[in-house]
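Subject: Handover of a structure and notes on its contents

Dear colleague,

Please find below the structure that I am passing on to you. My notes follow it, and I would be grateful if you read them with the structure open.

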Amino acid sequence: MSTVMNPRGPGAARGLRQRLGALAAVTAAVLFSAGCGGQGGDGVDHRSTSVCDGTLKGQVFATLVGDDGVVSEKTSKFSPTKWTAAGRCELYGKEDSVRIDYLWHSDDLDDLDRYRSPNASTVKSFKVDSAVGYVEKNRAFVAIPCAFAGRSESKHELLEVEVANMPPSRTLDSGQRETFASAATIAARYIGGDVFKCAAMHPAESTPSSSASP
């Protein structure tokens, strides 16, 4: 979900350094306000246990792998009871595993249109309430218009919720695309609706069907 930029020339390099500096400042401020300073050096959020549990473990993972069951989980800066700038939750089954990410984007730092329109790797698009989702070769994600905590405008910020196949080299076959779209819909409604209260997203408990298109 990170963007790799290739600056050309000294002016572009200065611009890139300024953007990265601004991004670091915003992320640091966000994580500080969210109380993330208490995390251990291993990058795992120790404020709560089983943060992948509940909706993410019981519905997202089950949607992808049936009743295989979660054998273990790993979390990085992910606490779905507190506001943070980004988080990652990995669920491991006996044979399958999946990664669930959320990440905030701002038009001060990035081109939001890249997340709101198909690209060359898009194989399917789908609607989730007022947001749009896309399935790519190894992941499905939903781009949710949603303001940062403490800001009232959402048109300048976007919350990306991703469900990815693991390892990343595993490409989704045609039969998995609809399944990953369904899993991303559940994750987006939980993270975007229940946790972060984005106006564009219904809470997870009210789940009108999403519509997918090739």
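Please keep in mind that the model is predicted.

Leaving aside residues up to four places away in sequence, D107 touches L112, K155 and H156. K155 is 48 residues from D107 along the chain, yet their C-alpha atoms are separated by 8.7 Å.

Overall organisation

The chain has 214 residues, and 43% of them count as buried. Its secondary structure comes to three helices and eight strands. Read from the N terminus, the elements follow the order α-α-β-β-β-β-β-β-β-α-β. Among contacts in the chain with a separation of 6 or more, 57% are between residues 24 or more positions apart.

The nonpolar core

The largest nonpolar core contains 41 residues, and the members that touch the most others are I100, I144, L159, V163, I191 and F196. Two or more residues come from each of α2 (55-65), β2 (86-93), β3 (97-106), β4 (124-128), β5 (131-135), β6, β7 and α3. The element that gives the most to this core is α3, with ten residues. To see how one member is placed, consider I191: beyond residues up to four places away in sequence, I191 touches F78, I100, Y102, L159, V161 and F196.

Two helices in contact

How do α2 and α3 pack, and what is the angle between them? The angle is about 170°, and the helix axes are 8 Å apart. Because an angle over 145 degrees counts as roughly antiparallel, α2 is roughly antiparallel to α3. On the α2 side the contact is made by T55, L56, Q59, V60, T63 and L64, while α3 supplies T179, F180, S182, A183, I186, A187 and Y190. Eight of the residues in this contact are nonpolar, five are polar and none is charged.

F61 is also found in helix α2. At 2% relative accessibility F61 counts as buried. F61 touches L56, G66, G69, V70, L91, Y92, G93, D96, S97 and V98, if residues up to four places away in sequence are not counted. The C-alpha atoms of F61 and Y92 are separated by 9.0 Å, although the two residues are 31 apart along the chain.

The disulfide

The structure holds one disulfide. The partners are C146 and C198, with their sulfur atoms 2.1 Å apart. C146 lies in the loop between β6 (139-145) and β7 (157-165), and C198 in the loop between α3 (174-195) and β8 (211-213), so the bond ties together parts that are 52 residues apart in sequence. The torsion about the S-S bond is about -90°, and the disulfide is therefore left-handed. Both cysteines fall under the 20% limit for buried residues: C146 has a relative accessibility of 6%, and C198 has a relative accessible area of 3%.

Loops and backbone geometry

N138 sits in the loop between β5 and β6. Its relative accessibility is 15%, so N138 counts as buried. N138 touches A164, N165, P168, R170 and L172, again without residues up to four places away in sequence. N138 and D173 are 35 residues apart along the chain, and their C-alpha atoms are separated by 8.8 Å.

Most residues other than glycine have a negative phi, and most peptide bonds are trans. Against that background, M166 and P167 are joined by a cis peptide bond, with omega about -5°. P167 is in the loop between β7 and α3. D129, which is not a glycine, has a positive phi of about 55°, and D129 lies in the loop between β4 and β5. K197 is likewise a residue other than glycine with a positive phi, near 55°. K197 is in the loop between α3 and β8, and its relative accessible area of 62% makes K197 exposed.

With kind regards

How values were computed:
Residues numbered from 1 in each chain as written. Predicted model: local features only at pLDDT ≥ 70, side-chain atom pairs only at ≥ 80, totals over all residues. Heavy atoms only, no water. Disulfide = S-S within 2.5 Å. Helix = DSSP H or I, 4+ residues; strand = E, 2+ residues; numbered from the N terminus. Buried < 20%, exposed > 50% of the residue type's maximum accessible area, 1.4 Å probe, protein only. Core = buried A, V, L, I, M, F, W, Y, C linked by side-chain atoms within 4.5 Å. Contact = heavy atoms within 4.5 Å. Axes fitted to C-alpha atoms, helices over the stretch in contact; angles between N-to-C directions. Parallel < 35°, antiparallel > 145°, perpendicular 65-115°, else oblique. Nonpolar A, V, L, I, M, F, W, Y, C, P; charged D, E, K, R; others polar.
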